[in-house]
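Please read it with the sequence and the model side by side.

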Amino acid sequence: MPETTPRGLTRLAFGGDYNPEQWPEDVWREDVRLMREAGVTMVSVGIFSWALLEPAPGEYDFGWLDRVLDLLHEHGVRVDLGTPTAAPPAWFYRAHPEALPVTELGVRHEFGSRAAICHSNADYRAAAAHITTRLAERYGDHPALALWHVHNEYGVPVSACYCDSCAAHFRRWLRTVHGTVDAVNEAWGTAFWGQHYTDLEQINPPRATPTVGNPAQALDYRRFADATMRENFVMERDVLHRLSPGVPVTTNFMTALSQCDSVDYWAWGREVDLVTNDHYLITDGRRTHVNLAMAADLTRSVAGGAPWILLEHSTSGVNWQPRNPAKAPGQMARNSLAHVARGSEGAMFFQWRQSRRGAEKFHSAMLPHGGTDTRVWREVVELGAHLDALAPVRGTRTEADVAVLWDWHSWWAQNLAWHPSEDHDARERADTFYEVLYDRHLTVDFAHPEADLSRHPLVVVPALYLMTEAAGANLRGYVEGGGTLFVSYFSGIVDAHDAVHAGAHPGALRDVLGLTVEEFSPLLPGETVRLTGPDGPDVSGDVWTEFVVPRGAEPVWSYADGLTAGRPAVTRHRLGAGTAWYVSTRLGHEGLDAVLGRAAEDAGIAPRAELPRDVEVVRRSGTSGTYLFALNHTATDAKVPLETSGTELLTGERAAGRLAVPAGAVRVVRLDG
């Protein structure tokens, strides 16, 4: 079995992307001295260095990298060594211009950015395998090497190419997945609009068409593009496993729904030895710490609950959003430790030293342009000390209260064209449902719809338009076994090929929900509906309503107005030993909280009203003990109840009764017993 923890790393990972090639060598000694001062334990090296390592085809210059790795080893800093295959050199594209990706409109991208790659291109694959092999042969047993880092952020900024090489590769993929052209015709429903094929050679990628193309073809192409990137990762991973045994191999994910929508991370999580993630705050006016928590929970879930590593985030502002505010004092540490609370084995950044040139010269770094006499540097040093104090949490696991079902294939399918309302947004539903659970102080595991859900008392389904029969059967078994299921509208509608399940909506969920939906009735912008219940508060919905017919379910809230007036809006169905809830309209935070609260009661999950809003409490436990993380995202001091006394690791003080958490601060208590 491959190793799953960085080799030789005995503390939490702390450091960042280190790009010494951007600086003269006399700066390198200063870098490692300051790394020791800050408590850096690991840095990522070489991620974009292909052109320097191989300045001409078959000609190599490893001397500078030898010196960098030796210097880092001399100063006790472990290395996450990149394969530079996200940035092929200019000479490569000069020789192989067809390796540049082509858009749906037939426009070929140019060299001059990063990740401009056709992942089906044979010359790219051969060159990537070759540089990876040379790196593994040279550094596979280097004493500084802790982790191999393949490529960089697969799926960003380009995931799919539409060139002729991809067309041929797509046909091979279809033959592997579907077998015959008849099976493709069946899966894609090509009898519609006369799209029938008689030979797989007639099939091209879903390039630009006069109007909407075949949605099932577009869905399969997203799967193909994802699988093709994954093939290239696996190719590099296998080279590294063969030549550098005992060193785990990863690639940096971007699991946040706000950052990448082209990668099926459930599939990728099975291929890496260690899950790592990059996360950046999206400053769109939302509560950024909620998005952070959601991304961390999703990353941990992709890792199967095992510890993972935050490989990139920012010390302060980034530079690629329309507006890039600085982080407030203390926010960097709070963000970092929020990831640790939710399973990360450390907190790393992009990047170590702030660049003077290039597209990211205004992106914050651990060592800013202003040097060590800056707020950011002082906070970096303090964070290094905090992470050192938290070394005992290594290997422990985050404890979750509820599960949220999520499937990237369903997200892809729901984002296809011509659905009942463009205002329904799967990501918006996932964000809103998560925020309600967060505000109830519940820690979330994400799960695939076909996963074992038996250990979760409550399973929430914010948006699963695509659902297989197997997933439907899985949810029925979960409820019959005593679980509580909570489902939002427009879920269970189509199968794996975007074909509507036979019979009434919601096909895959009809039986478990105990109802059918005769018709969708989306609302126009600005329209709302009022819901009333016999023993619950009135709530309102927008965007979506449905004509729901109970088939064993009982109405709990009903529509008070609109086309669906008098019809059930929220239902509850007792099935076996469990209960299934259904919400047929889009509820805002307050209304969703009221309805979800009823389902939580069914699940036996008590409210945690004693915790203030935006004071986050998460637990990690394992053989070394149980650790309670309390993160105060507010401007007011808070008190957090402790079920037992313990030692606060950041201050060394004893804690009992009610833990004081100052405004903007973090406290971590190792509980007694």
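This is a predicted model: local features need pLDDT of at least 70, side-chain atom pairs count only at pLDDT 80 or more; totals for chains, interfaces and linings use all residues.

**Notes on the model**

1. Asp498 is buried, as its relative accessible area is 13%, and under 20% counts as buried. This residue belongs to the loop between strand 14 and helix 16.

2. The peptide bond joining His505 and Pro506 is cis, with omega at about -5°.

3. The loop between strand 4 (145-150) and helix 6 contains Pro157, and His151 is placed between strand 4 and helix 6 too. The bond from Val156 to Pro157 is cis, omega being near -5°. His151 is not a glycine, yet its phi is positive, at about 60°. With a relative accessible area of 2%, His151 is buried.

4. Helix 15 runs over residues 469-480. Its 12 residues reach 16 Å from the first C-alpha to the last, close to the 16 Å expected at 1.5 Å a residue. Which of its residues are buried? They are Ala471, Gly472, Leu475, Tyr478 and Val479. These lie on the same side of helix 15, because they cover an arc of only 120° around the axis. In an α-helix there are 3.6 residues a turn, so residues three or four places apart point the same way. Glu469 and Ala473, on the other side of helix 15, are exposed.

5. What do the buried residues of helix 15 pack against? Their partners include four strands given here by number: strand 11 (402-405), strand 13 (458-461), strand 14 (484-488) and strand 20 (568-575). Strand 21 (578-583) and helix 16 (510-513) are also packed against by these residues. Just after helix 15, Gly482 has a positive phi of about 115°.

6. The largest nonpolar core has 170 residues. Those with the most contacts inside it are Val45, Leu72, Trp148, Trp408, Leu485 and Phe486. Leaving aside residues up to four places away in sequence, Leu485 touches Leu475, Tyr478 and Val479, among others.

7. Another core, of 20 residues, lies apart from the largest one. Among its members are Tyr197, Ala216, Tyr221 and Phe224.

8. How many aromatic pairs does a search of the whole structure find? It finds 35. In one of them, the ring centres of Phe170 and Tyr221 are 4.8 Å apart and the planes stand at 80°, so the pair is edge-to-face. This pair links distant parts of the chain, with Phe170 in helix 6 (residues 164-178) and Tyr221 in helix 8 (residues 215-243), 51 residues apart. Both Phe170 and Tyr221 are buried.

9. Trp193 and Trp418 also form an edge-to-face pair, 6.1 Å centre to centre and with 85° between the planes. Here too distant parts of the chain are linked, as the two residues are 225 residues apart. Trp193 is in the loop between helix 7 (181-188) and helix 8, and Trp418 is in the loop between helix 13 (408-414) and helix 14 (426-439). Trp193 counts as partly exposed, at 47% relative accessibility, and Trp418 is exposed, with a relative accessible area of 61%.

10. Ring pairs also build a cluster, which links Tyr154, Phe233, Phe253, Tyr265, Trp266, Trp268 and Trp408. Trp408 is also one of the residues with the most contacts inside the largest nonpolar core.

11. Two arginines are placed over aromatic rings. The charged end of Arg134 sits over the ring of Tyr60, 4.1 Å from its centre. Arg353 lies over the face of Trp23, at 5.2 Å from the ring centre.

12. Gly112 lies in the loop between helix 4 (90-95) and helix 5 (122-139). At 63% relative accessibility, Gly112 counts as exposed. From Gly112 to Thr644 the separation is 532 residues in sequence and 57 Å in space, C-alpha to C-alpha.

Notes. Residues are numbered from 1 along each chain as its sequence is written. Side-chain values use heavy atoms; hydrogens and water are left out. The expected span of a helix is 1.5 Å times one less than its number of residues. Buried means under 20% relative accessible area, exposed over 50%, partly exposed in between (1.4 Å probe, protein chains only). The arc is that of the directions from the helix axis to the C-beta atoms. Contact means heavy atoms within 4.5 Å. Rings of Phe, Tyr and Trp (its six-membered ring) pair if their centres lie within 6.5 Å; planes under 30 degrees apart count as stacked, over 60 as edge-to-face and the rest as tilted. A charge sits over a ring if NZ of Lys or CZ of Arg is within 6 Å of the ring centre and within 35 degrees of the ring normal. A nonpolar core is a set of buried Ala, Val, Leu, Ile, Met, Phe, Trp, Tyr and Cys residues joined through side-chain atoms within 4.5 Å.
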